[in-house]
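Morning, everyone. I have one structure to walk through today. Please have a look at it before I start.

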Amino acid sequence: MGIAAIASLVLVTAPLALLETEKSRRVSLREVGHLFVQCAPLFGALFLFNLIESMPKFVMEGTLAYKYQLYFNALFFPAQAILLSIGFVYKPQLLRLSSIWANPRKRRRFDLIIVAVMALIVVITGVCAAFMAGPGIPLMSFIYGLSFERYRTLALLMVVAGGVTAAIDFIYAIITVLRHAGDVTKIYLICFAVSVVLPVILINLLGLMGAVVSYLAIMALLLVLLIIEYAHIRQRIERDRNPYGA
């Protein structure tokens with residue numbers, strides 16, 4: 001992977017950057033520092049999210065036998081597939097979304113795109129859940145050489161968690177487009193505090209099921225808080241734009 005990454009840099013990225021990109025000004029340390037300051041909230045939120053997402057596995061490592069790590073990672077694979085699929089859909093459109101948001105007359109179109117992507121997340125999650133309820137479990141058992149039949153319910157819960165995580169990723173990207181990434185730092189701190197406590201309790205009580213349930217519960221809490229904060233951000237933006245409006 002390292003060799004492939006270096007080769008792609010030398011053979012693809014660097015030539016495209018030199019040949020297809022307009023020449024910019026010289027590097028300014030002041031502007032680079034300003035860029036780091038602007039991106040600090042984004043880094044903080046993503047760093048906390050990775051901690052929150054990994055916390056059930058950290059607790060499992062010190063509580064359950066190692067084989068349950070394999071089960072958890074295998075069950076997480078469909079959820080990861082949902083997250084990647086949604087990312088392929090909306091991430092190439094972020095620049096376009098920023099342009100749409102910059103035009104106040106296109107705010108309704110902006111909202112329709114958000115609704116459409118959220119609906120797509122629901123559809124993909126439902127399709128993945130239907131697949132796991134049918135041939136998915138036997139296929140996983142064949143691939144890993146282990147029986148996942150007794151974990152059918154956990155597989156469906158993990159698929160739901162994958163849909164929730166995809167929605168979190170998308171909503172946070174939208175908040176970033178609105179240039180309010182720093183407003184959600186407190187939400188990630190709250191969910192991080194929950195992720196420190198809840199998996200310890202549920203994993204010690206329920207084992208692998210506790211890990212899956214705690215992961216789903218934390219992601220659901222984060223999604224709800226992000227949606228509420230997004231609604232507040234939109235209200236503040238509209239109020240600043242039209243302070244005398246209804």
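I'll begin with a pair of helices. Helices α5 and α6 cross in a right-handed way. Here, right-handed means the near helix is turned clockwise from the far one by less than a right angle, and left-handed means anticlockwise. Helix α5 covers residues 107-144 and α6 covers residues 152-177. They pack at an angle of about 160 degrees, with axes 9 Å apart. So α5 is roughly antiparallel to α6. The cut-offs: under 35 degrees is roughly parallel, over 145 roughly antiparallel, 65 to 115 roughly perpendicular, and the rest oblique. Axes are lines fitted to C-alpha atoms, for helices over the stretch in contact, and angles run from 0 to 180 degrees between N-to-C directions.

What lines this contact between α5 and α6? The residues divide into 21 nonpolar, three polar and one charged. Nonpolar means Ala, Val, Leu, Ile, Met, Phe, Trp, Tyr, Cys and Pro; charged means Asp, Glu, Lys and Arg; the others, Gly among them, are polar.

A word on provenance. This is a predicted model, where local features need pLDDT of at least 70, side-chain atom pairs count only at pLDDT 80 or more, and totals for chains, interfaces and linings use all residues. Residues are numbered from 1 along each chain as its sequence is written, and side-chain values use heavy atoms, with hydrogens and water left out.

Now the overall fold. The protein chain has eight helices and zero strands. In sequence order the pattern reads α-α-α-α-α-α-α-α. These elements are DSSP runs numbered from the N terminus: H or I of at least four residues for helices, E of at least two for strands. The C-alpha trace spans about 55 × 55 × 35 Å along its principal axes.

Of the 246 residues, 36% are buried. Buried is under 20% relative accessible area, exposed is over 50%, and partly exposed lies in between, using a 1.4 Å probe and protein chains only. The chain exposes about 14800 Å², and carbon and sulfur atoms supply 69% of that. Those areas come from the Shrake-Rupley method with a 1.4 Å probe; for residues, only the protein chains shown count as cover.

Contacts next. Take those between residues at least 6 apart in sequence: 78% join residues at least 24 apart. Contact means heavy atoms within 4.5 Å.

Helix α3 is residues 67-90. Its axis comes within 10 Å of the α5 axis, and the two cross at roughly 145 degrees. This crossing is right-handed. On the α3 side, the contact includes L70, F77, P78 and I82. On the α5 side, the residues include V117, L120, T125 and Y144. The tally is 16 nonpolar, two polar and no charged.

T125 deserves a stop. T125 sits in helix α5. At 12% relative accessibility, T125 counts as buried. Beyond residues up to four places away in sequence, T125 touches I82, V159, V160 and G163.

Stay on α5 for S141, which lies in that helix. S141 is buried, at 18% relative accessibility. Setting aside neighbours within four places in sequence, S141 contacts L146, S147, F148 and E149.

G145 is in the loop between α5 and α6. Buried or exposed, then, for G145? Exposed, at 59% relative accessible area. From G145 to Q235 the C-alpha distance is 52 Å, across 90 residues of sequence.

Contact residues include L48, F49 and M55 from α2, with Y188, F192 and V196 from α7.

Two last residues. R179 is in the loop between α6 and α7. Its phi is near 65 degrees, a positive value in a residue other than glycine. R179 is exposed, at 72% relative accessible area. The C-alpha atoms of R179 and T125 are separated by 29 Å.

Finally, E229, in helix α8, residues 208-241. E229 counts as buried, at 8% relative accessibility. Leaving out residues up to four places away in sequence, E229 touches D183, V184, K186, I187 and R236.
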